[in-house]
Each structure stands twice: as C-alpha cells, then as structure tokens.
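Dear colleague,

Here is the structure I said I would pass on. My notes follow below it.

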Amino acid sequence: MTAIDMGKVNPDSEHKNNSGKRSFRKALWEEPEVLTALLCGGCLVLAWAISGFSALFSTFLYGLSLVAGGFGKAKEGLVTLIREKDLDVNLLMVFAAIGACTIGYWAEGAVLIFIFAVSGALESYTMGRSSKDISALMELKPETAILYSDGHETEVPIEQLQVGNLILVRPGERVPADGRVSEGQSFVNESSLTGESEPVDKTVGDDVFAGTLNGQGALFVEVTRTSESSLFSKIIKLVQEAQSEKPASQQFIEKFEHRYAKVIVAVTLMMILIPPLLLKWALEDTFYKAMVFLVVASPCALVASIMPAILSAVSNGARKGLLMKGGAYLELLADTRVVAFDKTGTLTMGKLKVTDLIPLGRRTEEEVLQITASVESLSEHPIAKAIIQEAKLRKLPVEHSAGLQAITGSGVEARYRGSRWKAGKPDFAEPSHLSEELKDQITALQNSGKTVIVLDGEKEAAALIALQDQIRPEAKQTVAHLKALGIRCVMLTGDQPRTADAIGSEAGVDEVYAELLPEQKLDMIKQLREQYGHVVMIGDGVNDAPALAGATVGIAMGAAGSDAALETADVVLMNDEICRIEDAVRLGKRTSRIVKQNLVFAVAVISLLIVSNFTAGIPLPLGVIGHEGSTILVILNGLRLLR
C-alpha cells in the first residue's frame, strides 16, 4: 500500500459521525410509573386535605387517585389473566383496593394503590439504572464514517463499511469501526469499553475499537470487522442478554406467585362467605377482615426480593468493566469452589519478553542482540518479534539478513555481514559448540520456565537469549485473595510442564495441569466439577472455548479475548484485569446474601401480618403500611448493590 499523504486530511470538512445523536436516557420524572405514582400521591394528599370540607369531592379525588395509580397495574394483571390464565400480584392489589372502597374505606384503598405504585416505580428505576449501560453505549455508537479512497474522503453510514476499507478518524472523533491503525499516531480513550480511564497510545499496527474516542492525532484505520460484528456491538448484546435472563430463584418465585395468588383469592372468598353463613358474623366485618387478609397475604415483597438486587448488581459490575450475560451467573458465582485459569494471555500477558542476555566470548550484549535481531528480522515467529522488540527498546539498528531459512520447530538460519548464523533451540546449534558447562546453564534457564535461544556462529556459540511470558502484575494478588475466600486455584495450559510449573509457582496456584489439548482442558473442568462442584474457568483463546462452555461460569478476557471465547463465556472482563474475578465472586456473594435477607424478611412480615389478622385483627391502614412498606424496604435493600 502506498504511503498516505497526511497533508490531505481536511480538518475543515464536515463530519457527522459523532453528531445527531438521539438521547436514550430519560430523566427520572419522565418515567411513566414515576409520573403515575406522583399523580396518585398528589390526588391522595389533596383528598385528605379537603376531607373535612367536602366528603363528596374528597371521595372523587380518592377515586381519581385509585385510577391514576392502579390503571396500569390493573391492565397488566388483566393481560396476565387473559393470555396466561393466571392471577398475579397486580390484580390482588387492585381487588383489595376496590374491596376496601366498597365498604367505605376510600382513603385506605387509595393509600394501598399509592404505595403499590411507588414500589413499582422503584422497580422501574432499578431496571432503568441497569438499562443505562445500554443507553450510554448506544449514545457512543458512531452513525457515519469517513471512507478514504484514492485520496478522497467520503462520508458513509457505518453499515456500509467492509473489511479492508480505509477510514479516517480525526482528532476528537469516535472510532466508527474495529480496525488496525495503518498510519498516524494518537492516544485513544477506551474507557467506554474497558473501564480503563487512562488513554492508550496507538500507532501503526495497533488495534482500535468502535465507540472509543480518538485523542489529538489523526488516524488512518483499516477496517477489520463490520459494524454488526464489532466488539462494541457484542458488548451491547451482552448487556441486553443480562437484562432479559432471569436467575433460577426468580423463575421459581414467579411460578410460586401465580399459584399462591390463586390460593389467596380462594381463601379470601371463603373468609367472605363462610363466617356469615355458618357463624352468623356481620357481612361488613367479615368482608373487612377478608380485605385485610388479601392485602397482607399478597406476595409483593416476595416477588420484589430478587430482580431489583440482581439488576443492581449487574449494573454495578458493568461500571467496572465486568459484563454478565445474565443474572443467573451471579448466583452461581456466589457458590464458586474452584477457579481454573488459562496461562497464556490470562495469568500472563501473552507476550514473550527477553529476560536474560548472556554473551559468550568477547562480544557485548548489544552486539549479540543486534546480530540475533537482524538474523530474525524477516521472521514472523513470536520469539523473533520479542527479540526484535528488545533491540528496538535498546535503540539498536536492526538490519536485514540474507538467505533466511526457517526450520520449523527449530529456528532460523541466515547470512549476516558475510557470516552464517543460526538462532534457535539449543539442539539446533552445532553440538560441538555446546560445552557441558553451557548445557548446564541452558538447563538451569529452562528449569526456571524460560525459553532459551542459542545464537550460533560458524565457529562457536555467540550468546544465550532467554525469554519468558511475563506474569500479569495483579495475578499473584488475585490468586491470594481468591484462596483467602476459600476458593481453590488451578492452572490449565497447553504449555510444557517446566514453563507451566514456573508460572504456576510464581502466581501461587494450588495445582498446575500442563500439555493439555482443548478437549483435555474440558475433561479437566468436568473432573473438577465432579470433585468440587461449582467451577469458574477464565481464558482468552479459541482453545479455551470448550472449557469455558463446560465450566459452571465461563469468564473471557474481553480486550484480548478471541471471538470464540467472547461468544462462549458467561462473563466478560472488558479491561482484562483478572483482579476483577475476585470482584465478580464477591459481588455474587453479596447479591446472594441480600436476596436471602430479602426473602427471609418478606416471608417473616407476611407471616406476622397474616397471623396478626387472624388472632388480634389489624386495621386495614396498618396492614397496607406493613405489607407495602416491606415491599419498598426489600427493593431499597436491593438497590444498595448499585453502590
């Protein structure tokens, strides 16, 4: 590809890929359920204020309050009744309010509907906070891109971009598509995807992602993914899935609600009919007691115990770059017994780095490094790239060698400055060039988990170069914290045992399983599940996908992860910080604890109110406050997870 003329970038040309956004967010007062609750409460207060002056007008306002707060709930309940042939808590509350009004308790009926509307508005607020993750992302999505072709700039919708297209991203614009920098240098703010606040330096060859914000420099980017398959689009899909998927406990509660509601209605009808017929009680008294029972026995607090907490936790995690595909995985994370780590790209950075440079003979470190980098200059092997990178860091000139021959599995051979050189595994060097002392030195380096390259000349070995994949800075601390929680940590890798043991020992994991093929990783996950129960697997590569699918919860590294890992995983770490695994487990445990608190509290209040109604009798206003107050309390308890 010919060099691009940076001078042709027109800073004054129009560009709209960051403008014309419609807002997906609503103010709190624009939420329909909040408005109806406010209208209901306003009519209730006004009715109470004028009750001493005009009973008729006060009753009218109470009725208006009932309609304002209860119409939507009545509609939802009727839809459930007609479509699913089931009763739900919405109809129970409406029946109770109407029943209270029929015996003259207009104020109590209106208060019941008002508090019920407030609890519904709080649930909607919780859902809205979780939805904000999608809204914020959607608002960041560029709508157009500047296509650069033959020196011309053309504004096109992002849907028209194809893999291989060249696009221009000006300073201050959002990157419209996933791609690789072809020319230019800039800092890019990736916090919208990874949660990392510090801008990342981008230069030729670096990947950039749709929705991220370009800094001060212009970038020419070659598109590597279409808009629908970009990382940005996948994140939106993940958050949407997280909202729609309900945990097993919530599914159970919803099934229980429908059956329980039928029992409550049946008992209420018996309380209305049987005492007047058999015990000669006054119809008004029995009807009143039945309405109190209908209110206090309704499972509002029970139904609201789980989802507000789950959605709050999902939103909490998303703000930290911890995206979950469903609330069900929070429950599973709470019971984690084992965390299985992949090695390369998960516990380690996934990039080899020169750790030891040992010249042999009279040459200096810089001389042998320059020779090795020049011999390897035309190779695409990760070891060659690491050696070349080290030479560049030391600002050594890297020249091209002649007659390069790559011997698969061994190394490379080439001529450099008139001499023949080999760079590769120890057994690729001439056997006569390796003394026993040198072999012992090589073995010692290998036993420490390092890959050893021998630079071999025509007459003697010139240098030993040791490389190692660097462990992530937070890996050791993460493993220690997980073990402190009583969680067993293991490492699964396809690497050789010596390297695996060295990394595993440095990270502090309990067990290391090496030389595993993808299907063998899956077998190990199955064995761990049989032995310990709930197993979390975290990985980043295609070879980790089967194990991610086989684990109780699969966690993928989002920034460095492969498409297969992202699609298969249940949780994604967008900023690749494995310390977030501890956050995920703690969030799961905290969510589980709050849900249990809510369930115990809800059952206790409902039971206490039912018993009190049958033994001592409680007034309807107290029943309304006790029942609906408990509903609001469990919702507020769940909202604590937003912090």
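Does threonine 499 count as buried or exposed? At 7% relative accessibility, threonine 499 counts as buried (buried is under 20% relative accessible area, exposed over 50%, partly exposed in between, with a 1.4 Å probe and protein chains only). Threonine 499 is part of helix 17 (residues 497–507). Leaving aside residues up to four places away in sequence, threonine 499 touches Lys343 and Gly449 (contact means heavy atoms within 4.5 Å).

Please note that this is a predicted model, where local features need pLDDT of at least 70, side-chain atom pairs count only at pLDDT 80 or more, and totals for chains, interfaces and linings use all residues. Residues are numbered from 1 along each chain as its sequence is written, and side-chain values use heavy atoms, with hydrogens and water left out.

Next, the sheet. Six strands form an open sheet in the order 12-17-16-15-14-13, with antiparallel pairing (strands are DSSP runs of E, at least two residues, and helices runs of H or I, at least four, numbered from the N terminus; two strands pair if DSSP finds at least two bridges between them). Strand 12 (348–359) and strand 13 (402–407) are the edge strands, each pairing on one side only. From one strand to the next, the twist averages 20 degrees (angles run from 0 to 180 degrees between N-to-C directions, with axes fitted to C-alpha atoms, for helices over the stretch in contact). Strand 13 is joined by four bridges to strand 14 (residues 411–416), and the two run antiparallel. Isoleucine 407 stands opposite glycine 411 of strand 14.

Helix 14 (residues 382–393) lies across strand 12, strand 16 and strand 17, at about 65 degrees to strand 12.

Regards
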